[in-house]
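Q: Please take a close look at a single part of this structure and describe its surroundings in a connected way.

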Amino acid sequence: MTQTYLTRIGGLIRDARRHKGMTQSELAELLGTSQGAVTRIEQGKQNLSLDMLAKIGDALDSEFVSLGHSGPQHLRIVGGQKLSGSIDVKTSKNAAVALLCASLLNRGRTTLRSLARIEEVNRILEVLASIGVRTRWLPGTSDLEIIPPETLDLEHIDVDAARRTRTVIMFLGPLLHSHESFQLPYAGGCDLGTRTVEPHLAALRAFGLEVTATHGFYEAKSDRSVNPERAIILTERGDTVTENVLMAAARHAGTTVIRNASPNYMVQDLCFFLEKLGVRIEGIGTTTLTVHGLADIDVDVEYFPSEDPIEAMSLLAAAVVTDSSITIRRVPIEFIEIELATLDGMGMKYNLTQEYVSGNGKTRLVDITTIPGPLHAPTDKIHPMPFPGLNIDNLPFFALIGAVAEGSTMIHDWVYENRAIYLTELTKVGAKVQLLDPHRVIVEGPTRWRAAEVVCPPALRPGVVVLLAMLAAPGTSVLRNVYVINRGYEDLAERLNALGATIEVFRDI
């Protein structure tokens, strides 16, 4: 072994030993060696056999050697520190995935500016590349250029990448006008319980699309002679189903009326992008959309996605749980006003700047400066509603905020079948969380946070909630296997470190 690897392994062993609360002599006894040998190992001054590494791994319950792959990514967090400074909100994850799907409508070049460079985007880019779409990040930027082929090669779709994201379901709307039959792999993504795709299929039947599920694929057949004869009524006001129908309507050379449409932030971003493509849309921001589509779209276009209100809420929660004053810049205020009103009711103080406009020329932004202070539990339960209600993805952060507030906070996550269960992971870092049923928890505050080692929950927002709780917990915590966080956040650890956090990204060697 080189000295560099010996030093690196020694540091990992030292940190793992300290995390277990074990002395060098105690580790030496478990290994059948001397304390001096353990000291040399931790200093990188002792050659190590694979057998000895395996023994150390068993003693410390840590895997230091991973064969055949680089292994999952973990975070080591030194908590109990206050944050300070300013941070910009990145552009929207959910807008990014919708816009990548919508680029399939355009035969010309699409350039998406300041796109979120996250794992969810990477998975979609892998899928797009496999069907012949050329994409490239413009040098030194987060701007993505997308050039479609003359004909999409759906026969060679990257099944593994497609199964790791639910976004692939939103290929149905763009593809149904250009392909009489095609198949898509079943959708994946976060483990939040079964989420039916029936609302998508029911709405897209108005455009002649019929889908059957066989052997892990959606088998789609499109009858292009069928057009919507009346308004399409969505059976649920879902974001992705609205986007799917919007993309189908964009290539329908006629007028499509969509009722009970979601007016949420990612849907508005998609509407603004479709308008750039030449599609005319009435009612943006309401639950009734009238779409005047085009049979063919072939334009070179650029678009700036708006900022992410869920990331803004994440940063607000980070400030609250660490009792810190930070300035969060470029917050899309229209999509976080209910959350701020809820925080007002819990006693939170903050300052807002005057509004200004996002890069898309439409979305209203503000800067928020948090003011530390005590919070109290709300008098009523906190539950999500379709926009303009409290955002479904922001609900988990109120479990974290409830944990620092005086009193009992009930969180009612009626949308997902088991996401509330993941909020009980906060008990591992000291919170008092009682699960009432698969949809409701009661959080008792304030919390005396404690450091812990936790495997990241397999759902994006609960994973971030545990990470933020660890920022408040004095001592060193470890959050293992954070792929799900990387799906939705770009360089989150690095950006929190810029505010004064201490988060180290590492892998087991």
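**A close look at E120**

A: E120 touches K93, V97, R164, T165, R166, T167 and R487, leaving aside residues up to four places away in sequence; contact here means heavy atoms within 4.5 Å. The model is predicted, so local features need pLDDT of at least 70 and side-chain atom pairs count only at pLDDT 80 or more, while totals for chains, interfaces and linings use all residues. Residues are numbered from 1 along each chain as its sequence is written, and side-chain values use heavy atoms, with hydrogens and water left out.

E120 lies in helix α6 (residues 119-130); helices (H or I, at least four residues) and strands (E, at least two) are DSSP runs, numbered from the N terminus. E120 counts as buried because its relative accessibility is 2%, where buried means under 20% relative accessible area, exposed over 50%, and partly exposed in between (1.4 Å probe, protein chains only). One of the residues that E120 touches is T167, and a polar contact of 3.2 Å joins the side chains of E120 and T167. A polar contact is a pair of N or O atoms within 3.5 Å; within protein, one must be able to donate a hydrogen and the other to accept it, and residues adjacent in sequence count only if both atoms are side-chain atoms.

Burial can also be followed along a whole helix. Helix α11 (residues 265-276) is mostly covered, with ten of its twelve residues buried; among them are Y265, D269 and F273. Just after α11, G278 takes a positive phi of about 105°. By contrast with the buried E120, V415 is partly exposed because its relative accessible area is 32%.
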